[in-house]
Amino acid sequence: MKYIVGYPIKGNQTFLNSLIQNKESVSEIYFSWGDLPNGRSVRSAFEERGAFEIQMRQSEDLKRLSDEGFRFNLLFNANCYGKESQSRAFFNKIGNLTDYIQRNFGLASVTTTSPLIAKFMKENFDGIDVRASVNMEIGSVEGIAYVARYFDSFYVQRELNRNFRALLRLRRFCDENGKQMYLLANSGCLNHCSAHIFHDNLVAHENEISEMDNGYQFRGVCWDFLKNSGNRDTWLQKTNFIRPEDIELYESLVPAVKLATRVNASPSRILNAYVNQRYRGSVMELLEPNHSGLFYPEYIENSNFRRDFAEHVMHCNQQCESCDFCASAMREACVRLAEDSSQKV
């Protein structure tokens with residue numbers, strides 16, 4: 001399996017070395033540019049170091065990776081671009097940026113949530129794969145067909161990662177219509193999050209929001225939901241991540257899977273786990289967001305998962321309300337940190 005890997009927002013030389021060491025397994029490297037809104041917060045990076053310093057570091061890193069032969073994916077995946085969303089000045093800006101990246105580093109693809117940006121790319125940049133962001137939550141043949149004229153490829157809705165029948169249907173439709181599909185492997189988001197769109201909108205407007213006298217902060221409803229111990233027992237069935245050990249089950253469905261590594265504390269750990277297709281440690285440490293702090297002193301040991309977990313959930317009847325399989329698998333994998341760190345709960 002090949003991997004589409006995110007360039008860390010704060011830069012990370014150790015991770016660059018890991019990328020180079022594993023470049024035969026890396027299909028593309030995706031990244032955002034400057035303070036242009038995208039699907040992840042960038043303010044923390046600019047607050048730690050100046051924006052100019054961050055941009056110079058990124059340019060140096062991309063040049064190094066380009067010289068190593070990596071392919072790049074540029075992100076225009078913010079959920080909202082506000083009043084600029086349809087302006088000529090905005091399209092001139094992203095057109096100039098795309099041209100700059102293409103000339104200086106090479107550019108294989110662009111990922112966006114905007115059908116207008118997709119249309120602009122198709123009309124002005126030949127040879128660039130235009131990809132629908134996972135934030136568009138495309139999970140049906142109809143969802144692909146509606147915007148097929150704008151996009152060459154699609155990230156599939158996270159919630160379908162454990163639904164082989166639905167994935168196979170999308171695979172067949174893509175094959176019949178000259179499209180490509182990809183998956184996001186290590187999302188820690190809860191399935192069907194009611195606040196997902198709201199949260200993505202906040203991230204897109206974070207620069208404006210940070211200048212206000214704000215009465216509330218918002219991290220996502222998942223944190224409050226999982227603080228309730230009664231809800232934590234259902235965490236596994238409410239998530240959609242694919243374990244490194246189970247990646248081979250998807251090789252007939254997609255040519256590559258995306259790894260969320262841009263804001264994780266240890267992106268090298270994620271990359272190495274998926275390239276090696278095995279990991280020993282808390283499975284939450286591989287995910288974005290990482291909720292492991294809410295479960296302390298317990299954690300879900302990845303190597304304790306039953307071998308048939310992925311095969312089972314990919315082909316089950318999806319009747320989670322009346323099934324105990326995931327809850328049982330989670331209990332078996334759960335470990336409590338104590339004097340004997342191997343003590344099961």
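The structure is a predicted model, so local features were considered only at pLDDT of at least 70 and side-chain atom pairs only at pLDDT 80 or more, whereas totals for chains, interfaces and linings use all residues. Residues are numbered from 1 along each chain as its sequence is written, and side-chain values use heavy atoms, with hydrogens and water left out.

Helices (H or I, at least four residues) and strands (E, at least two) are DSSP runs, numbered from the N terminus. In the model, 8 strands close into a barrel with parallel pairing, in the order β1-β2-β3-β4-β5-β6-β7-β8. Neighbouring strands of this sheet are turned against each other by 25 degrees on average, direction ignored. Two strands count as paired if DSSP finds at least two bridges between them. Axes are lines fitted to C-alpha atoms, for helices over the stretch in contact, and angles run from 0 to 180 degrees between N-to-C directions.

On to β3, which runs parallel to β2 and is joined to it by 3 bridges; Tyr-30 stands opposite Asn-73 in β3. Of the 6 residues of β2, 5 are buried (buried means under 20% relative accessible area, exposed over 50%, partly exposed in between, with a 1.4 Å probe and protein chains only). Helix α4 (residues 88–104) lies across β2 and β3 (72–76), and runs at about 165 degrees to β3.

In α1, the buried residues are Phe-15, Leu-16, Ser-18, Leu-19 and Ile-20. These buried residues pack against β1, β2, α3 and α12 (267–276).

Helix α3 (residues 51–67) packs on α1 at an angle of about 15 degrees, with the axes 11 Å apart. The two helices, α1 and α3, are therefore roughly parallel to each other (angles under 35 degrees count as roughly parallel, over 145 as roughly antiparallel, 65 to 115 as roughly perpendicular and the rest as oblique). Residues of α1, including Leu-16 and Ile-20, meet residues of α3, among them Arg-57 and Leu-65; contact means heavy atoms within 4.5 Å.
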